Amino acid sequence: MIDIQDVVKTFRGKVQALRGVSLEVMEGEIFGLLGPNGSGKSTLVKILMTVIHATRISGTMLGHPIGHRISLRDVGYLPEHHHFPSYLTANQVLHHYAALANVHRKDRIKRASEYMDRLGLSGWEKKKVGTYSKGMLQRLGIAQALMNDPKLLILDEPTDGVDPVGRREIRDLLDELRSDGRAIFLNSHLLSELEMICDRVGILVKGKVTMQGTIDELTADSKRFEICIEGAPPDWVADACDELKEKTIIVRKDDPKMIQPLIDRLRADGITIRSIKPVRESLEDLFMRAVDYIDSPGANK
């Protein structure tokens with residue numbers, strides 16, 4: 001759905017926003033792009049949507065070169081800082097933007113009602129959007145992005161300002177859209193949100209994608225088991241594990257079968273096992289590792 005290589009964007013003053021970005025978004029998946037403020041996330045999205053032009057880019061979106069206007073009809077887009085005219089009602093907003101995408105009036109009526117209800121805005125259809133809270137405006141923005149029944153959905157900070165209940169409803173909706181075979185490209189700084197819903201993620205730091213893949217793939221080297229016991233560990237434990245922290249035995253394996261002999265030996269010695277916990281890096285850990293890498297000496301060479 002998106003296949004881009006070597007995207008470069010240099011603004012006036014030789015400010016390099018993007019420095020050779022390459023990534024893929026597949027059909028029927030949710031891809032999350034994360035990065036600190038100023039990393040180039042929104043710049044990349046604006047290039048995909050032809051709001052701005054890249055200094056250099058190759059690749060396709062929906063099978064067409066980037067900038068192919070007809071293919072943009074099949075893309076739903078929520079900008080990071082969207083502004084709807086405050087004097088319009090929610091229904092008027094949805095009908096206006098859907099009409100710009102040549103959606104038939106009958107379909108506009110059906111979809112507006114469906115998405116207002118699905119996004120928790122039922123009863124607010126005839127209220128002017130100037131009376132909406134920030135979270136409600138985000139929900140309305142997502143509804144707007146869905147009005148043209150897109151194959152690809154590009155959402156820039158979709159849950160910004162949305163309360164926990166609203167974020168859960170949006171995650172559920174995105175999960176349904178993924179099940180329908182749509183591709184969803186998310187920009188967000190809410191790492192916990194991305195970790196819960198994304199099939200794959202890319203980490204963008206200072207205009208470069210430093211990591212890309214499934215969270216399982218990216219955290220494979222960090223997987224381990226932490227075995228918490230009561231009392232002092234037997235002397236032999238230090239030689240049978242990778243690390244020992246007081247009453248916690250750490251074994252760097254991802255297969256539970258590999259730690260069974262250790263558990264059996266602990267039990268044979270009469271050791272009480274309080275817990276056995278599989279552990280891996282969180283998305284936040286990955287993010288910090290990516291930031292540390294790009295700031296390390298030689299990373300920019």
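Buried means under 20% relative accessible area, exposed over 50%, and partly exposed in between, with a 1.4 Å probe and protein chains only. This is a predicted model: local features need pLDDT of at least 70, side-chain atom pairs count only at pLDDT 80 or more, and totals for chains, interfaces and linings use all residues. Residues are numbered from 1 along each chain as its sequence is written, and side-chain values use heavy atoms, without hydrogens and water.

**View A. Phenylalanine 84 and tyrosine 97 form an aromatic pair.** Rings of Phe, Tyr and Trp (its six-membered ring) pair if their centres lie within 6.5 Å; planes under 30 degrees apart are stacked, over 60 edge-to-face, the rest tilted. The count by this rule is three aromatic pairs. Here the ring centres are 5.5 Å apart and the planes stand at 65°, so the pair is edge-to-face. Phenylalanine 84 is buried, at 13% relative accessibility. Tyrosine 97 is partly exposed, at 28%.

**View B. Tryptophan 124 pairs with tyrosine 132.** Their planes meet at 90° and their centres lie 5.5 Å apart, so this pair is edge-to-face. Tryptophan 124 is partly exposed at 31% relative accessibility. Tyrosine 132 is buried at 7%.

**View C. The charged end of lysine 127 sits over the ring of tryptophan 124.** A charge sits over a ring if NZ of Lys or CZ of Arg is within 6 Å of the ring centre and within 35 degrees of the ring normal. For lysine 127, the distance to the ring centre is 5.9 Å.

**View D. Arginine 265 lies over the face of tryptophan 236.** The distance from the ring centre is 4.0 Å.
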